[in-house]
Amino acid sequence: MKRNTRRHHYARRRYVERLMIGLMRGALGLAALALASLLLVILVRGVNALSWAMLTETPAADFYLGGGGGILNAIVGSLALALGAILCASLIAVPGVLYMHTYGKGTRHVAIVRLTLDVLWGMPSIVFGATILTVLLWLGLRTSLLAGILALTLVVLPILARTFDEVVRMVPTDLTQATLALGTTRLELARMLLRQSMPGLMAALFLAFERAIGDGAAVLFTAGYTNTLPRSLLDPVASLPLAIFFQLGTPFPAVQDRAYAAALILTVLVLVFGMFGYLALHKLGRHVIR
Amino acid sequence: MSLLHESVQRSVRPALVPRRWHWRTWQDRVGHWAMASLAWAIIGLLVAITGVLVLRAGGLLQVYPLSAIVFGVQWQPLRGTFGMAPFFVGTLLVTAVAMLLAVPLAILSGIYLAEYTRPRTRLLLKPLTDLLAGMPPVVYGVWGVLVIVPLVRDVIAPISTGTIGMLVPFLSNPRSSGYSVMAAGLVLSLMIFPIITAITEEVLRAVPRELREAAFALGATRWEVSQITAFRAGLPGIIAAVVLGFSRAFGETLAVLMVVGNIPRIPPTLFDGSYTLSGLIANNYGEMMSVPLYERALMTAALALLAVVISFNVGTWLFLTRRLQIGGSQ
C-alpha cells in the first residue's frame with residue numbers, strides 16, 4: 001500500500017513536470033507564431049506597394065487621395081526627431097547616471113531618481129505629448145520639430161538612463177576600488193566608468209533611437225505633420241508612425257497599401273538599428289575589462 | 001581641506017604637492033555640482049509634468065465635481081457634459097484582457113528561457129523577444145487591423161458566442177465588427193509579452209546557482225526548482241516586470257486606437273467597440289480649441305493616466321522595499 005502511494009506521488013510529479021514543459025513550449029510557440037504572422041503580413045502587404053518613389057520623393061498634393069509621391073518627408077522627419085531626442089536625452093542621462101554611481105552612490109536621492117526613471121519609463125507617451133502641447137499653447141508657439149524633439153526626449157530619457165545604469169552597474173567593484181586607490185577624484189572615477197561602459201552606452205543609444213523612431217503618440221501633438229522636408233527647428237515635421245496612421249485612416253485602398261509599405265520601411269529601420277545595438281554590445285565589448 | 005593643503009604647501013616641500021591638485025579638486029567640485037543638478041533635473045521633470053497637468057485639469061474640477069467626471073456616462077463636450085466613465089471602463093477592460101492573456105504566458109516563457117534552455121537553444125529563442133520588444137506600436141496596430149480584427153470577427157467572436165457566451169452574456173456577440181475590446185487586448189498582450197518575458201528571464205538568471213543546486217540535491221524536479229527561483233527568490237523582479245507591462249498596456253495609444261473601434265460608451269460585451277483614455281486624448285486634439293473646457297477635460301484624462309501609473313509604480317516600490325525588505329535600488 002505504502003509503495004503504491006509513493007509510486008503515485010512520483011508519477012504525479014513527473015506528470016506535472018511534463019505538463020509545465022508542454023505549457024511553456026506552447027506559450028513560446030504562440031508568441032513565435034504571432035511574431036511570424038506579424039513579420040510575414042507586414043512584409044507581404046508592404047512589398048507590393050513599395051517603390052523607389054516611396055523612398056525618394058515627398059508627397060504630391062493629391063497623395064492622400066491616391067496621387068503620386070512618396071514619404072521621404074516622414075523618413076527624414078523621423079530620423080531628425082529621433083536623432084535630436086537621443087542627443088538631448090543623453091546630455092541629461094549620461095552625467096546623471098554617472099552621478100548615481102560616483103558622488104551619489106547609495107544615497108536616498110539616487111534611490112528616488114531610479115524610482116522616478118521607472119515611473120517615467122511606464123508613463124504613456126501621449127501624456128508627454130499632451131504636456132508639451134500645453135506648454136506650447138501657453139507660450140503661443142506652433143507645433144515644430146523642436147517641440148517634437150522635446151516630447152521624444154521625455155520618452156527616451158528613462159529608457160536610455162535605466163539601460164545605461166544597468167551597464168555601469170556591471171563594471172567590476174575591483175576596478176572602481178583600484179581606480180580610487182590611485183588617488184583619483186570621483187570625477188575621474190566617472191571618466192573611468194564612462195570609458196569602461198562605452199559599448200553598453202552605444203547599445204543603449206541604439207535602443208533609445210529605435211524607440212524614438214517608433215513612437216507616434218508623443219509627436220502627434222507636438223511635431224505636427226507636413227508634406228515638405230523640415231527646413232529649421234521651428235518648422236513642423238512629418239514622422240513615419242503618423243504617416244502610417246494617417247494613410248491607414250483614409251478610405252482609399254491605394255493609400256492604405258502605401259501605409260503597409262511605410263510600416264515595412266519603419267520595421268526595417270527599427271530592425272537595422274536594433275542590429276547595430278547588438279553589434280555595438282558584442283563587437284565593441286571585446287575590449288572591456290570584466 | 002584647502003587650508004590644510006596650503007599650510008602643507010608652505011611648510012613642507014613644494015615639490016610633494018603637485019600644482020594640478022588645486023585644478024583637480026576644482027574640477028571635482030564643478031563636476032559634482034553639475035552632475036547632481038542633472039540628476040535632480042530628472043526628478044524635476046516628473047514634478048513639472050505633474051504640475052502642468054494638475055494646473056490645466058484643475059479648471060475642470062472647479063466646474064464639475066470629481067464624481068461627475070469619473071462616474072458620468074455622458075460624453076458630450078459640445079453640450080458641456082464630460083462624463084468619462086466609458087473611457088475609464090474601456091481602458092480597464094482592454095488592460096485586463098491584455099494582462100490576463102500575456103502575464104501567465106510571459107512568465108512561463110521567461111522561466112523556460114532561464115531554467116530549461118541550453119545556451120544554444122537560447123541563442124535561437126532570444127531574438128524572438130528582442131524582435132517583438134523592438135517593434136513600434138504603430139506596426140502592431142497595422143498587424144492588428146490586418147490579422148487580429150478579422151480573426152476576432154470571423155473566428156473568436158462566433159466561437160465564444162456559440163460556447164461560453166451561452167452562459168456569460170458578456171462574452172456573446174454574434175454581430176461583432178472585430179474592432180473591439182478583445183482585439184485591442186490581443187494586440188496589447190503581444191506588445192507586453194516580450195517586456196515581461198525578458199525581465200523575468202533576466203531576474204531568474206540573477207538567482208544564485210547554489211539555490212538551484214540545493215533544491216536539486218533534495219530531489220526536486222526542474223519545475224519544482226523553477227517554482228522556488230521564480231516565485232520565491234525572483235518574485236520582486238517578476239512583480240516589477242508585471243507592473244511595467246501594466247503601465248505599457250494601460251497607456252498605449254496608437255496601436256489600441258487603430259483596433260478598439262472608438263465608441264464612447266461602456267461596452268456591453270468584450271466583442272463590442274470601446275474607447276480608451278489615451279485614445280480620447282489622441283483623437284480630439286484637433287477640435288479641442290473651439291469648445292470651452294474641452295482641452296481641460298483632455299488634460300484631466302492625461303492626469304488620470306499619470307496618476308494611475310505613478311501610484312502603481314510607487315506602490316510596488318514601497319511594497320518591495322518595505323514589506324519584502326529587499327533594496328529597490330541596489
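**Interfaces of chain B**

In this predicted model, the C-alpha centres of domain 1 and domain 2 of chain B lie 40 Å apart, with domain bounds taken from an automatic or database domain assignment that places domain 1 at residues 2-63 and domain 2 at residues 74-323. Residues are numbered from 1 along each chain as its sequence is written, and chains are lettered from A in the order in which they are written. Local features need pLDDT of at least 70, side-chain atom pairs count only at pLDDT 80 or more, totals for chains, interfaces and linings use all residues, and side-chain values use heavy atoms, with hydrogens and water left out.

Ten residues of domain 1 of chain B are in contact (heavy atoms within 4.5 Å) with eleven residues of domain 2 of chain B. The two domains bury about 1000 Å² between them, 77% of it on carbon and sulfur atoms, where buried area is the accessible area (1.4 Å probe) that two parts lose on being put together, summed over both. On the side of domain 1, Leu53(B), Arg56(B) and Leu60(B) lose the most area to domain 2, together 59% of what that side buries. One salt bridge (a side-chain nitrogen of Lys or Arg within 4 Å of a carboxyl oxygen of Asp or Glu) is counted between these domains, and Arg56(B) also forms a salt bridge with Glu295(B), with the closest N and O atoms 2.8 Å apart.

Between the chains, 78 residues of chain B are in contact with 84 residues of chain A, and about 7300 Å² is buried, 78% of it on carbon and sulfur atoms. Met35(B), Ile42(B) and Tyr112(B) supply 9% of the area that chain B buries against chain A, more than any other three residues. The rule finds two salt bridges across this interface; Glu188(A) and Arg24(B) meet in a salt bridge at 2.9 Å, N to O.
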